[in-house]
Amino acid sequence: MASPSFAFIPRNISKGRKQQGTSAHVPPSHPGPSVIDKGKGKVSEPSAKPVYNEQDISILVVLAFSDYALWVDSDLRRKTEESLQREEHDAGFLPLSYLMRRAFGRESVSQEYMPTEANVVKAIRSHAGDMLEVRMLVSAPSASAWYPSWKPERSSVGGYEVRRKDWSTLLDNATREFTRSQWEDLTIYMENIPAQYHTIPGIIRFAQGLLSQCSGSSAPVPIQNVTLPPHHLDKSEDRPKCKGFALVTLCNTELCQIFLESWPWTRPSQPSESASIDLAEDNLETNEAMKFGFRTLPKARWDKLNEEYLAYRQKLINELANANDPPDFLHDSDVLGAAPEDILEDNVPTPPTNSTTMYSPYPFGCLVFVRNLHLETNKTTLRTLFTTAFESSPVDPAGIDYIDFSKGMDSCYLRLASPEHGRVLVDRFSSQPVVQSHGLDDMGKTPGASQKAIAMEIIEGKKEEVYWEKVPEKVRRQAVEKAVKAPNGKQSSALAHTAHEHSEESRPRKKRNRG
């Protein structure tokens, strides 16, 4: 009998080899739901935990030990002053774990996702060695080190301490006597921050990159604090998220002037040819700032504009709520004349003649309101019906980005790829009025004497602004990018179709159970 072609391996050894070969792929110990991809039969991992690179870690730790942090955090200030009373070799040192809780607490990072002390020490020594000093504690074992891993006493044992390099002059620092108004004088409002910098470390990296191009802007810690203003719809317990703007506190007035003069609130929307030539020689942050329309404003001026805007917004809401028929902002000169001049000039209004840019809040002139539809129609029928308006025009036939329609209604909103699509669509149905003879009528017919033809109007002004405020920010960004890339409605059909398929509001159809 011939010997088998494979060697017999005992079960316990094969298990050991398998575990040894797959140890690098052991799932994390924290629980998390697994999602099965029905299309490919693969199990996707849970949502990824927040990942910080070494530079971001060092930025957060330095920010937690800044002059502003010492001024605003009474407990941190008290512990620092107590530590300065020790001997010189121990003066100013604080437990690194204590500082980490403050550094990552504002980021709402849970304990299991927080970087280890070893990672933080490595980040400090690599990127913040000229501002912070780190040392390892060498002492006899503490009794708390023998507690089980689930005891809180064990997690409080730290192996590193950190202090500022300028610890010897902290008690003489002028910022110790600052008032709140003095810190506010050093705070500026930044708007249209590029999308890739929408985190607190990202905003600081972006600001430091802009300052690196300016002479006389060297400072150990130029950014003292970053505040993300909350949205008016946010709840009190929600952590504010960066939506492209932030309040940034700097270390001196010179840096404030650099930002306010280099990136003023009002500047040309398109750079000149000479500026474009200089732009190619600038760094990445400067290029992105020009692309997104980055600009700055003193906090005092921002506070005033914010109060005026909130009052004006509340006035409009009250007028819309009290009116049975919403007023036509396009022709009501009294409503337009009631707007404060400062708001119209300084707070980026949305007049009908605005042109869409990369930093516009929404695409201007791309919203059409349609009424007198058949009560039994659907989105598919409406898309086919409205697309016929583009067949004999030079615009892209796939110009309807989204149909905001609910079954049983006789009206809807159309989000279009460009303002040109809106003009073509309204002109077509105004010159050739039609009605739907039934719910699935995607061609239309000439209306009878007693029938109301399908009517359309381009929504502009404040009614347009109120509508887009209810649309998710991600969808608004996609619509703005599409309008900027196709200002004349000549975007390629394939690109528009792909964007529609991947739109956030496109939902997969449910399978119908048969049998």
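Keep in mind that the model is predicted.

Let's start with two helices. Helix α9 spans residues 200-211 and helix α12 spans residues 284-292, and their axes come within 8 Å of each other. The axes cross at roughly 105 degrees. Since angles from 65 to 115 degrees count as roughly perpendicular, α9 and α12 are therefore roughly perpendicular to each other. On the α9 side, the contact is made by Arg205, Phe206, Gly209 and Leu210, while α12 brings in Glu285, Thr286 and Ala289.

The structure holds 16 aromatic pairs, and Phe206 forms one of them with Tyr197. Their ring centres are 5.1 Å apart and the planes meet at 35 degrees, so this pair is tilted. Both Tyr197 and Phe206 are buried.

Another pair to display is Phe386 with Phe429, which is edge-to-face: the planes are 75 degrees apart and the distance from centre to centre is 5.7 Å. Phe386 belongs to helix α16 (residues 379-387) and Phe429 to helix α17 (residues 419-431), so the pair ties together parts that are 43 residues apart in sequence. Phe386 and Phe429 are both buried.

Ring pairs can also join up into a group. Tyr362, Phe364, Phe369, Tyr413, Tyr467 and Trp468 are linked into a cluster in this way.

Rings meet charged side chains here too. Arg135 lies over the face of Phe93, at 4.0 Å from the ring centre. Lys79 is placed over the face of Tyr98, and its distance from that ring centre is 5.5 Å.

For a last stop, select Phe65, found in the loop between α2 (54-64) and α3 (67-72). Is Phe65 buried or exposed? Residues under 20% relative accessible area are called buried, so Phe65, at 2% relative accessibility, counts as buried. Who are its neighbours? Setting aside residues up to four places away in sequence, Phe65 touches Leu70, Leu76, Thr80, Leu94, Leu99, Leu132, Val162, Arg163 and Arg164. Take Val162 from that list: Val162 and Phe65 are 97 residues apart along the chain, and their C-alpha atoms are separated by 9.8 Å.

Notes
Residues are numbered from 1 along each chain as its sequence is written. This is a predicted model: local features need pLDDT of at least 70, side-chain atom pairs count only at pLDDT 80 or more; totals for chains, interfaces and linings use all residues. Side-chain values use heavy atoms; hydrogens and water are left out. Axes are lines fitted to C-alpha atoms, for helices over the stretch in contact, and angles run from 0 to 180 degrees between N-to-C directions. Helices (H or I, at least four residues) and strands (E, at least two) are DSSP runs, numbered from the N terminus. Angles under 35 degrees count as roughly parallel, over 145 as roughly antiparallel, 65 to 115 as roughly perpendicular and the rest as oblique. Contact means heavy atoms within 4.5 Å. Rings of Phe, Tyr and Trp (its six-membered ring) pair if their centres lie within 6.5 Å; planes under 30 degrees apart count as stacked, over 60 as edge-to-face and the rest as tilted. Buried means under 20% relative accessible area, exposed over 50%, partly exposed in between (1.4 Å probe, protein chains only). A charge sits over a ring if NZ of Lys or CZ of Arg is within 6 Å of the ring centre and within 35 degrees of the ring normal.
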